[in-house]
Amino acid sequence: MTKIGLISDTHSYLDEAVFKHFEHCDEIWHIGDFGNASVADQLEGFKPLRGVYGNIDDQELRLRFPEDLRFTCEEVDVWLTHIGGYPGKYAPRIKKKITEDPPQLFITGHSHILKVMYDQKLKCLHLNPGAAGKQGWHKVRTLMRFEINGNKIDHLEIIELAGR
């Protein structure tokens with residue numbers, strides 16, 4: 001079993017509460033818009049970090065993290081990307097590839113809108129953890145936590161941080 005802490009859109013702000021909420025996680029996945037390298041460094045110093053760059057991330061972060069990250073966690077095919085859309089409204093850059101070769105778990109950021117949707121047609125779970133940073137129009141800062149156990153995605157939790 002692998003416990004995942006999921007975070008996105010920090011925009012250079014990393015709430016100390018993240019470390020408490022992700023204390024028992026095995027890995028942290030950041031879905032872009034770190035804002036600065038310090039956020040990535042702090043997360044990486046705490047737990048193993050996987051991530052993708054977002055549209056506000058500078059060249060340093062774009063050299064450090066890919067635009068798309070596709071990998072297998074236990075027995076689950078995972079695809080992380082910052083701007084990817086969601087079931088029924090995938091981003092044009094993503095649409096053809098996800099239709100031809102869907103992952104089991106597709107995780108995006110960018111919108112600052114927390115979403116959990118299952119794409120029946122592609123048999124793919126879509127997650128967007130919302131935004132953990134203070135910049136943006138969202139009223140509540142959010143994270144997610146879940147477990148991957150073999151080929152199952154279990155125990156998904158939504159975590160609300162203090163307001164912006």
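1. How exposed is Y13, as a relative accessible area? The value is 26%, so Y13 counts as partly exposed. This is a predicted model, and the figures below are computed from it. Y13 sits in the loop that runs between strand 1 (2-7) and helix 1 (17-21). Leaving aside residues up to four places away in sequence, Y13 touches V39, A132, G133, K134 and R141. L61 is 48 residues from Y13 along the chain, and their C-alpha atoms are separated by 15 Å.

2. In which sense do strand 5 and strand 8 pair, parallel or antiparallel? The pairing of strand 5 (residues 76-81) with strand 8 (residues 105-107) is parallel, over 3 bridges. W79 has F106 in strand 8 as its bridge partner.

3. Strand 4 and strand 5 pair in the antiparallel sense, over 6 bridges. C73 has V76 in strand 5 as its bridge partner.

4. Is E75 buried or exposed? Its relative accessibility is 53%; the cut-off for exposed is over 50%, so E75 counts as exposed. E75 still has contacts from elsewhere in the chain: not counting residues up to four places away in sequence, it touches Q104, G150 and N151. K139 is another matter. E75 and K139 are 64 residues apart in sequence and 36 Å apart in space, C-alpha to C-alpha.

5. Now the charged pairs. How many salt bridges does the count come to? The count is 10. One of them joins D101 and R70, whose closest N and O atoms are 3.5 Å apart. D101 lies in the loop between helix 4 and strand 8, and R70 lies in strand 4, so this pair ties together parts that are 31 residues apart in sequence. D101 is partly exposed, at a relative accessible area of 40%. R70 is partly exposed too, at 29%.

6. E100 and K96 form it, with the closest N and O atoms 3.1 Å apart. Both residues belong to helix 4, where they are 4 residues apart, about one turn of the helix. E100 counts as exposed, with 56% relative accessibility. K96 also counts as exposed, with 59%.

7. Which residue forms a salt bridge with E157? The partner is R145, and the closest N and O atoms are 3.0 Å apart. E157 lies in strand 12 and R145 in strand 11 (residues 140-149), so the pair ties together parts that are 12 residues apart in sequence. E157 is partly exposed, with a relative accessible area of 37%. R145 is partly exposed as well, with 22%.

8. Salt bridges also link residues into a network. Its members are D41, E44 and R64.

9. Last, the nonpolar surface. Which residues make the nonpolar surface patch of about 230 Å²? They are V116, L156 and I158. I158 is found in strand 12 (residues 152-163). With a relative accessible area of 45%, I158 is partly exposed. Patch members need over 30% relative accessible area.

Definitions and conventions: Residues numbered from 1 in each chain as written. Predicted model: local features only at pLDDT ≥ 70, side-chain atom pairs only at ≥ 80, totals over all residues. Heavy atoms only, no water. Pairing = 2+ DSSP bridges. Helix = DSSP H or I, 4+ residues; strand = E, 2+ residues; numbered from the N terminus. Buried < 20%, exposed > 50% of the residue type's maximum accessible area, 1.4 Å probe, protein only. Contact = heavy atoms within 4.5 Å. Patch = residues over 30% accessible without salt bridge, like charges linked within 9 Å, V, L, I, M, F, W, Y side chains within 5 Å. Areas by Shrake-Rupley, 256 points an atom, 1.4 Å probe, with all protein chains shown as cover. Salt bridge = Lys/Arg side-chain N within 4 Å of Asp/Glu carboxyl O.
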